[in-house]
Amino acid sequence: MSRVECAIAVTRLSACGAKVAFPEGGNAMTRTALASASLLVLAACNEAPADTAASCRLDVATAAEAGEGCARGWIDANLRMNDIQTLGTHNSYKDWIAPEEFAIFMATAPKSAPALEYGHEPLAAQLDWGIRQFEIDILHDPQGGMFLDPLLRRQAIAAGKETPELAFKDALAKPGFKVMHVPDLDYRTTCPTLVACLTQIRDWSAAHPDHTPMFIMLNTKETPASWDGATPVLAFDAAAYDALDAEVLSVFPREALITPADIKGDNATVREGVLANNWPVLGEARGRVMIGILASRESTEPYRNGPGGIAARPMFVRAVSTDPDAAWLMWDDPIANQEAIRQAVRDGFIVRTRTEQNTVEPRANTTEKREAAFASSGQFVSTDYYKPNPKFSDFSVALPGGGVVRCNPLRVPTACGEHTVE
């Protein structure tokens, strides 16, 4: 085993160890086995001949120059987590609206209903496909039971239509953050609670510790519905954000997360850490997750300005590039914002953009936005169509050249060559 291979193996075992350092992630026997494996790997590293390290040149310009069998070692040592590009999904948890209910929705709102005519596979299936970024909408439900009687389902039943039972009733009845797109309307989901969604991701990650870092956006839903009989929603105040941190940390220990403190480092602000390119190298970031809160600046004020500031929190917040806590930025339209995205990527920020919106592009089978999204070099390119919807067209989204992750075409266009990042 070369020293490069040793370093990669230790990194992977460390990622596994972080994931089982909590009750749900593994038992004492599992943790003991991982510790023993780490010791064995370290022993093998210490016994590796000195000239094996010399055979890998990690100070060269590209992976191809590193030497035979050394490409992954070079990538992990030289590329940072903002030096990649990969796919994500929008409203990643969303299931299809039941046909009987969608018919009522179409009859009452024919202009807006088509935008919601899509659904996704469970998160683990998406990860198997190659998705590495998720968007999860969350609602504050500290007492439990707020979303047990959706309005659209009641309307379907009143109209004499047979519609599926509400899934996950027990989970919805318990306190905690719930996951759905629009209460009462687009409420069906593949994972009903934030803990359930994060647990799916964590379990997949634990089984695949070599994955490149994932990015999860938590979209806090605070806008009340405008129609009569709709369920009211709660705002996210300081107590809600503290509860949100607690739920996240009940699934992912801090060691499994990439946090604002990691990027800030010794700099005065998170933004300064970004501009200093303080993102972890891939060898340190594999098997880990970054989480960002998608909400207005007004909403996240108590989160950002609590004790210790953003550096004391496990999650990032959405920002603009001039904000002191800016680390990740978001533009949905890569055509109108092409140069803004490219400049942000050059500066070191992580950017999420999209290839289509509201089912418009798949219905028309137009690809301009898809092509612009990849050309923008935003690190996380989000879609609802990693697989096509045959009802619309053959429109689908895949990473140019195939694969799960590629070298970022703006930051490191020639670094990887033919070598895969994941």
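Two strands count as paired if DSSP finds at least two bridges between them, and strands themselves are DSSP runs (E, at least two residues), just as helices are DSSP runs (H or I, at least four residues), numbered from the N terminus. A few ground rules before the views: this is a predicted model, where local features need pLDDT of at least 70, side-chain atom pairs count only at pLDDT 80 or more, and totals for chains, interfaces and linings use all residues. Residues are numbered from 1 along each chain as its sequence is written, and side-chain values use heavy atoms, with hydrogens and water left out.

**View 1. The whole chain, for orientation.**
The chain holds 17 helices and 11 strands. Of its 422 residues, 53% are buried; here buried means under 20% relative accessible area, exposed means over 50%, and partly exposed lies in between (1.4 Å probe, protein chains only). Take the contacts between residues at least 6 apart in sequence: 73% of them join residues at least 24 apart. A contact means heavy atoms within 4.5 Å.

**View 2. Strand β2 and its two partners.**
Strand β2 covers residues 133–139, and seven of its seven residues are buried. Strand β3 (residues 178–179) runs antiparallel to β2 and is joined to it by two bridges, with Lys178 of β3 as the bridge partner of Leu139. With β4, β2 pairs in the parallel sense over six bridges. Look for Phe215 in β4: that is the bridge partner of Gln133.

**View 3**
Four bridges link β1 to β10 (residues 380–383) in a parallel arrangement, and Gly88 has Ser382 of β10 as its bridge partner. The pairing with β11 (residues 405–407) is antiparallel and uses three bridges. In that pairing, Gln85 is bridged to Arg406.

**View 3. Helices α5 and α7 crossing.**
Helix α5 (residues 99–108) packs on helix α7 (residues 151–158) at an angle of about 95°, and their axes are 9 Å apart. The axes are lines fitted to C-alpha atoms, for helices over the stretch in contact, with angles from 0 to 180 degrees between N-to-C directions. The two helices are therefore roughly perpendicular to each other, given that 65 to 115 degrees counts as roughly perpendicular, under 35 as roughly parallel, over 145 as roughly antiparallel and the rest as oblique. From α5 come Glu101, Ile104 and Phe105, and from α7 come Leu152, Arg153, Gln155 and Ala156. Sorted by class, that contact has four nonpolar, one polar and two charged residues. (Nonpolar takes in Ala, Val, Leu, Ile, Met, Phe, Trp, Tyr, Cys and Pro; charged is Asp, Glu, Lys and Arg; the others, Gly among them, are polar.)

**View 4. The buried face of α14.**
In α14 (residues 297–304), the buried residues are Ser299, Thr300, Tyr303 and Arg304. Down the helix axis they fall within an arc of 130°, so they line one face of α14; the arc is that of the directions from the helix axis to the C-beta atoms. These residues pack against β4 (214–220), α10 (238–251), β6 (289–294) and β7 (316–317).

Gln338, Ile341, Ala344 and Val345 are buried in α15 (residues 338–347). Their arc, seen down the axis, is 135°, so these residues line one face of the helix. They pack against β8 (328–330), β9 (350–354) and α17 (368–376). Just past α15 comes Gly348, with a positive phi of about 115°.

**View 5. Two loop residues with positive phi.**
Most residues other than glycine have a negative phi. Phe168, however, has a positive phi near 60°, and is found in the loop between α7 and α8 (169–173). With 37% relative accessibility, Phe168 counts as partly exposed. Ser377, also not a glycine, has a positive phi of about 70°. Ser377 lies in the loop between α17 and β10 and is buried, at 1% relative accessible area.
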